[in-house]
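This report describes the surroundings of a ligand and of several individual residues.

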Amino acid sequence: MDTVGYDALLWLSFGGPEGPDEVMPFLENVTRGRGVPRERLEEVAEHYQHFGGVSPINRLNRDAIAAVEKELAAQGLGLPIYFGNRNWQPMVEDTLARMKADGVRNALVFPTSAYGGYSACRQYDEDIERARSAVGEDAPELTKLRQFFDHPLFIGAFADALRTARAELDDPAGARIVFVAHSVPVSADKAAGPPEEGGHRYSRQIAEAARLVAAEAGVGTYDVVWQSRSGPPQVPWLEPDIVDHIDALHAEGVRSVVVCPVGFVSDHLEVIWDLDNEAAERAQELGMGFARAATPGTDPRFAELVVELIREQVSGAPARKLSDFPVAGCTVNGAPCAIACCEPARRRPVS
Ligand SMILES: CC1=C(CCC(=O)O)c2cc3nc(cc4[nH]c(cc5[nH]c(cc1n2)c(C)c5CCC(=O)O)c(CCC(=O)O)c4C)C(CCC(=O)O)=C3C
Ligand SMILES: [Fe+2]
């Protein structure tokens with residue numbers, strides 16, 4: 001099989017700073033027009049400065065791309081991979097201009113998010129649309145690959161990581177398993193998915209992925225909680241927060257926790273700060289055992305997953321998936337999945 005009709009893969013991610021002077025400009029790109037208070041920005045900037053102003057996300061993406069290139073070659077598929085981000089260099093607009101200059105006409109896009117919802121899906125469609133209009137005439141056609149939160153390779157990688165993390169604890173059998181994903185405004189979650197589905201597609205997909213990972217790892221009792229809340233304090237976001245939840249578990253008499261960041265594909269800054277630093281520290285203060293499951297981005301199954309998604313799209317083979325959610329996220333040139341799907345919240349400027 002070859003990649004009939006497609007001549008490249010665009011790896012589309014969030015982006016992150018790679019030095020202290022890049023932190024503030026990066027954060028300004030992320031939050032432009034989104035009503036995030038200045039104090040929150042300054043607080044988050046400190047998290048980045050704690051790591052010398054370098055987020056691991058770009059390196060992790062480059063490593064994952066190298067693994068996918070190897071897997072493509074091993075499967076005899078010739079498809080060059082280009083790397084572009086929403087918020088930091090290499091910016092997707094620049095990458096797409098380079099693709100056009102290289103003669104790319106019709107590319108697939110792999111977004112580094114497994115889920116639906118505005119921030120996890122539709123905003124990547126907006127990135128595609130913006131990059132195409134920046135490039136102008138003869139911009140490559142861009143077909144985004146589907147949401148993969150329920151793919152057996154994604155679930156399998158998390159299940160093994162969860163088992164490994166649990167085994168690090170003194171009392172593995174007594175630990176509470178806690179799945180965690182990036183919080184979003186309650187209004188954004190309500191608007192997630194096509195309107196006729198009744199909303200909440202993001203939080204329902206997170207709950208489904210958690211259920212599937214727990215089942216595969218043989219876990220009976222578990223919780224689903226949120227992290228990295230942003231925005232002004234008066235706007236409600238999905239709760240409880242992971243750190244508050246650790247307090248609550250302690251009050252219940254739970255002695256140790258295994259945290260599984262099911263909402264993310266890589267150990268980027270929000271994972272290594274909000275979980276490995278803040279959540280781990282709280283657990284330690286309370287005398288609780290703490291272990292954190294790895295994200296799947298460095299697991300060999302992740303490269304296989306990406307190549308499988310490409311093959312699905314190219315050959316029209318049925319999607320391999322473990323949930324009953326409809327296949328979604330696969331659209332051309334930044335079109336939304338459906339009319340009014342994951343509509344962005346109307347944002348009021350902060351006073
Ligand atoms: C659902 C979701 C994902 C998962 C899906 C996906 O992976 O795409 C995700 C991923 C990420 N979020 C990241 C970083 C940030 N997110 C912010 C702000 C926000 N995230 C939101 C949601 C999400 N975010 C939302 C609703 C906001 C509020 C502002 C807005 O409406 O846009 C801010 C601003 C400061 C703050 O207030 O925290 C930062 C710095 C990084 C990179 C980390 C690194 O550098 O390694 C990654 C992968
Ligand atoms: Fe975020």
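## Ligand surroundings and selected residues

Leaving aside neighbours within four places in sequence, Tyr124 is in contact with Leu12, Ser13, Phe14, Arg86, Pro111, Thr112, Ser113, Ser119 and Lys144. The model in which these contacts occur is a predicted one. Tyr124 belongs to helix H5, which covers residues 118-135, and it counts as buried because its relative accessibility is 4%, where buried requires a value under 20%.

An unreviewed UniProt entry lists Tyr124 together with Ser55 under "binding site". Ser55 sits in the loop between helix H2 (38-49) and helix H3 (57-74). With a relative accessible area of 3%, Ser55 is likewise buried. Beyond four places in sequence, the contacts of Ser55 are Gly16, Pro17, Tyr48 and Leu269.

### The shell around ligand 1

Which residues come nearest to ligand 1? Of the 27 residues around the ligand, these are Arg40, Tyr48, Ser55, Tyr124 and Ser230. By class, the shell consists of 15 nonpolar, 8 polar and 4 charged residues. Helix H1 (23-31), H2, H5 and helix H10 (269-285) each contribute at least two residues to this shell. The largest share, 4 residues, is supplied by H1.

| Residue | Protein atom | Ligand 1 atom | Distance |
|---|---|---|---|
| Arg40 | polar side-chain atom | oxygen | 2.7 Å |
| Leu269 | polar backbone atom | oxygen | 2.8 Å |
| Glu270 | N or O atom in the side chain | nitrogen | 3.1 Å |

Taken alone, ligand 1 exposes 870 Å², and the protein buries 96% of that area.

His182 lies in strand E5 (residues 176-182), whereas Glu270 lies in helix H10. A relative accessible area of 22% makes His182 partly exposed.

Not counting residues up to four places away in sequence, His182 is in contact with Tyr202, Trp226, Gln227, Ser228, Phe264 and Glu270. Glu270, under the corresponding exclusion of residues up to four places away, touches His182, Gln227, Ser228 and Leu275.

### His47 in helix H2

Helix H2 also holds His47. Is His47 buried or exposed? His47 is buried, with a relative accessible area of 7%. Apart from residues up to four places away in sequence, His47 touches Leu269, Trp273, Asp274 and Glu278.

Arg146 is placed in the loop between strand E4 (141-144) and helix H6 (152-167). Why does Arg146 count as buried? Its relative accessible area is 4%, and the term buried applies under 20%.

The Arg146 side chain makes a polar contact with the side chain of Glu312 at 2.7 Å. The side chain of Arg146 also reaches the backbone oxygen of Arg320, at 3.0 Å. Leaving aside neighbours within four places in sequence, the contacts of Arg146 are His151, Leu309, Glu312, Ala319, Arg320, Lys321, Val327, Ala328, Gly329 and Cys330.

### The segment after helix H11

Two further residues lie in the segment that follows helix H11 (300-315): Cys337 and Val332. Cys337 is partly exposed at 31% relative accessibility, and Val332 is partly exposed at 43%.

Cys337 and Gly193 are separated by 144 residues in sequence, and their C-alpha atoms are 8.3 Å apart in space. Leaving aside neighbours within four places in sequence, Cys337 is in contact with Cys121, Ala328, Gly329 and Thr331. Among these partners, Ala328 and Gly329 are also in contact with Arg146.

For Val332 and Asp7, the separation is 325 residues in sequence and 15 Å in space, C-alpha to C-alpha. Not counting residues up to four places away in sequence, Val332 touches Glu141, Leu142 and Thr143.

Note on methods:
Residues are numbered from 1 along each chain as its sequence is written. Chains are lettered from A and ligands numbered from 1 in the order in which they are written. This is a predicted model: local features need pLDDT of at least 70, side-chain atom pairs count only at pLDDT 80 or more; totals for chains, interfaces and linings use all residues. Side-chain values use heavy atoms; hydrogens and water are left out. UniProt positions are given in the numbering used here, feature names are shortened, and annotations may be inferred rather than shown by experiment. Buried means under 20% relative accessible area, exposed over 50%, partly exposed in between (1.4 Å probe, protein chains only). Contact means heavy atoms within 4.5 Å. A residue is near a molecule or strand if one of its heavy atoms lies within 4 Å of it. A polar contact is a pair of N or O atoms within 3.5 Å; within protein, one must be able to donate a hydrogen and the other to accept it, and residues adjacent in sequence count only if both atoms are side-chain atoms. Accessible areas come from the Shrake-Rupley method with a 1.4 Å probe; for residues, only the protein chains shown count as cover. Ala, Val, Leu, Ile, Met, Phe, Trp, Tyr, Cys and Pro count as nonpolar, Asp, Glu, Lys and Arg as charged, and the others, Gly among them, as polar.
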